[in-house]
Amino acid sequence: MAETLASLRSLMASHSPPLDALVVPSEDYHQSEYVSARDKRREFVSGFTGSAGLALITKTEARLWTDGRYFLQATQELSDQWQLMRIGEDPSVDVWMSENLPSEAAIGVDPWCVSVDTAQRWKRAFTKKQQKLVQTSTNLVDEVWKNRPPAEINPVIVHPLEFAGCSVDEKLKDLREKLANEKARGIIITALDEVAWLYNIRGSDVSYCPVAHAFAIVTLNSGFLYVDKRKVSSKVSSSLQENGIEVREYDAVSSDVALLASNQLDLDTVVNSGRNGVCENNKCEAEENYKDLIWVDPASCCYALFSKLDADKVVLQQSPLALAKALKNPVELDGLRKAHIRDGAAVVQYLVWLDMQMREIYGASGYFLEGEGASKKRQEIVKLTEVTVSDKLEGFRASKEHFRGLSFPTISSFGPNAAIIHYSPHAETCAELDPDSIYLFDSGAQYLDGTTDITRTVHFGKPSAHEKTCYTSVLKGHIALGNARFPNGTNGHALDILARIPLWRYGLDYRHGTGHGIGSYLNVHEGPHLISFRPQARNVPLQVSMTVTDEPGYYEDGSFGIRLENVLVVNEADTEYNFGDKGYLAFEHITWAPYQIKLIDLSLLTPEEIEWVNTYHSKCREILAPYLNKDEMDWLKKATEPVSA
């Protein structure tokens, strides 16, 4: 680590101009949340493995900014050469740089790894002391990363219409209508999941995310895909060409954006005649009100590509594909519901297996009883760890139809590790199972017909009264949010409080958002909507056919963590009245797995909440029955027996 910092500082000093600081973001060229191994530059320089964060290296300091999900993890992973900066508590990175770096300081960043939004925000902050943002011509981290993983050549595949539910032709037509409405003649698409969704393709370039490293440019007349051509078979190429999409090399996007800026990109392409566009009979509807604008999403487009455009001729606003992708079509919703049923069956099978293992190997009282943990019966050769049990869970999922892999690294955490919100166990260092500690597992899978994400928290011994109170408070918030009814136009910022009120009653809270969208065989975290205390949750209201998670939690550092998570679908609500003619919305749960009754303090639940738990558990039995054998079904019946106060 010290050698890496020294090497980077040497490159900073020899750079033209010399750099006073170097910013190393987490993101790749597409501003992705999850990146491939060779794009984990921030992890390489800092040692911090969380998915979100930013490293800043100055001549004498090294600082890392991350959010509340990772405070505890970062304190454990960062060496003493690094100082942790807590987002929301410490000054933001732009404020810190503008106040602590010298006047006229040169701050370097790879412009491919920073968004337009972020670069412009930094530049505004730097004006106070005439500091300047320097776009490095190469990535300095890559120059010192001697064993950087090589680029992988993973095939691009076509996502069949039977799962996509909407053709590329239809999607392009809708997109071009939106371009024409904004008086734009083209759009640069940089988010990997948006490229995959628009062209109905998938890949495996990023672990857990079925996407390919690719850009897209769509004009009123043409469509382009920029990808390593070695990944594209003749069959996939033909499918794309049938939809008027030309495949070009990944690196060609830079020169093609320059051509797009000068309106030369379309010169050599044949104008489509009445197909997947707003152009018919070689005449474009947009010509009547033609303007020379290019649409760019400032949150996902890198500064390198934006810098090739005339800033006065850019529509800087959220990509129209973000919302289109979030509004699931009927085929996608049907697939998501089916995927979550199979996934719920896998989770139940896992709980049945784990319950038996904890009783037989560790002498635990088990899932149902509250006895004190007996002395361990196991022989030394038998050992269950956070990793070995999560591997077993993956095995249950892998046996299900359409399984393609996990949707994120499984968070399998016992005791104090469960307090690390995004804990990731490793075989060499993970904990052994403990019947006297809470176990939290947050996991999900990629299926051809949908992406899943579920969290359950269980105890195989005797939970304390405090643990029960905390679990029940989390459950009450989970129920309150899931049962909400709200008018059209309501955003996730307004709803977030519902999940926190039961915790606030005890002076408790959690440092993460409460819900995120989920993809359809795409990214497990999907926008543009979310349920959160963060201001960006105000940007997009919840709408019919969106998916969103419901996942409140509570974490005590060094002790335990609790989280419960279901995926919800937004539907129209059947309300008695319709004040203001707004129309009202409600949530539908599509996740099916029991809540552990022995962790619930039933005296804290209202009669309505008890009725909800009983109804949900009854549905679990009914929906999962076809996927379970007799022993598994007997276990589920016991786990979902009706309760009363």
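View 1. At 29% relative accessibility, Glu-370 lands in the partly exposed class, because buried means under 20% relative accessible area, exposed over 50%, and partly exposed in between (1.4 Å probe, protein chains only). A quick note before going on: this is a predicted model, where local features need pLDDT of at least 70 and side-chain atom pairs count only at pLDDT 80 or more, while totals for chains, interfaces and linings use all residues. Residues are numbered from 1 along each chain as its sequence is written, and side-chain values use heavy atoms, with hydrogens and water left out.

Back to Glu-370: its side chain meets that of Lys-468 in a salt bridge, 2.9 Å from N to O. The rule here is a side-chain nitrogen of Lys or Arg within 4 Å of a carboxyl oxygen of Asp or Glu. This pair ties together distant parts of the chain, 98 residues apart, with Glu-370 in the loop between H14 and H15 and Lys-468 in helix H16. Helices (H or I, at least four residues) and strands (E, at least two) are DSSP runs, numbered from the N terminus. Lys-468 counts as buried, at 17% relative accessibility.

Glu-370 also has a salt bridge with Lys-462, where the closest N and O atoms are 3.9 Å apart. Here too the pair links distant parts of the chain, 92 residues apart: Lys-462 is in the loop between strand S22 (454–459) and helix H16 (465–482), and Glu-370 in the loop between H14 and helix H15 (386–398). Lys-462 is partly exposed, at 41% relative accessibility.

View 2. Arg-500 and Asp-496 form a salt bridge with their closest N and O atoms 2.6 Å apart. The two are four residues apart in helix H17, so about one helical turn separates them. Both ends are buried: Arg-500 has 2% relative accessibility, and Asp-496 has a relative accessible area of 3%.

Ile-501 sits in helix H17 (residues 492–504) too, but counts as partly exposed at 45% relative accessibility. Together with Ile-497 and Trp-504, Ile-501 makes a nonpolar surface patch of about 280 Å². Patches take residues with over 30% relative accessible area and no salt bridge, joining like charges within 9 Å and nonpolar side chains (Val, Leu, Ile, Met, Phe, Trp, Tyr) within 5 Å. The areas come from the Shrake-Rupley method with a 1.4 Å probe; for residues, only the protein chains shown count as cover.

View 3. By the same rule, the count comes to 32 salt bridges. A network of them links Asp-39, Arg-41, Asp-142 and Arg-148.

View 4. The largest nonpolar core has 82 residues, and Tyr-350, Leu-354 and Phe-587 have the most contacts inside it. Helix H14 (residues 330–362) supplies the largest share of this core, 13 residues. A core is a set of buried Ala, Val, Leu, Ile, Met, Phe, Trp, Tyr and Cys residues joined through side-chain atoms within 4.5 Å. A second, separate core has 45 residues, including Ala-214, Ala-216, Leu-220 and Phe-408.

Zoom in on Leu-354: not counting residues up to four places away in sequence, Leu-354 touches Val-389, Leu-433, Tyr-439 and Phe-460. Contact means heavy atoms within 4.5 Å.

**View 5. Strand S10 and its neighbours.** Five of the five residues in strand S10 (residues 215–219) are buried. Phe-215, Ile-217 and Thr-219 point one way, while Ala-216 and Val-218 point the other way. S10 pairs antiparallel with strand S8 (residues 184–189) over four bridges, and Gly-186 stands opposite Thr-219. Pairing needs at least two bridges found by DSSP between two strands.

Four bridges also join S10 to strand S11 (residues 223–226), again antiparallel. Val-218 has Gly-223 in S11 as its bridge partner. S10 and S11 form a hairpin with three residues between them.

**View 6. A three-stranded open sheet.** The order is S17-S20-S21, with antiparallel pairing. Strand S17 (403–406) and strand S21 (450–451) are the edges, each pairing on one side only. Two bridges hold the antiparallel pair of strand S20 (residues 445–447) and S21, and Tyr-447 stands opposite Gly-450 in S21.

**View 7. Ser-36 in its loop.** Ser-36 is found between strand S1 (21–25) and helix H2 (41–46), and is buried with a relative accessible area of 9%. Leaving aside neighbours within four places in sequence, Ser-36 is in contact with Asp-205, Val-206 and His-213.
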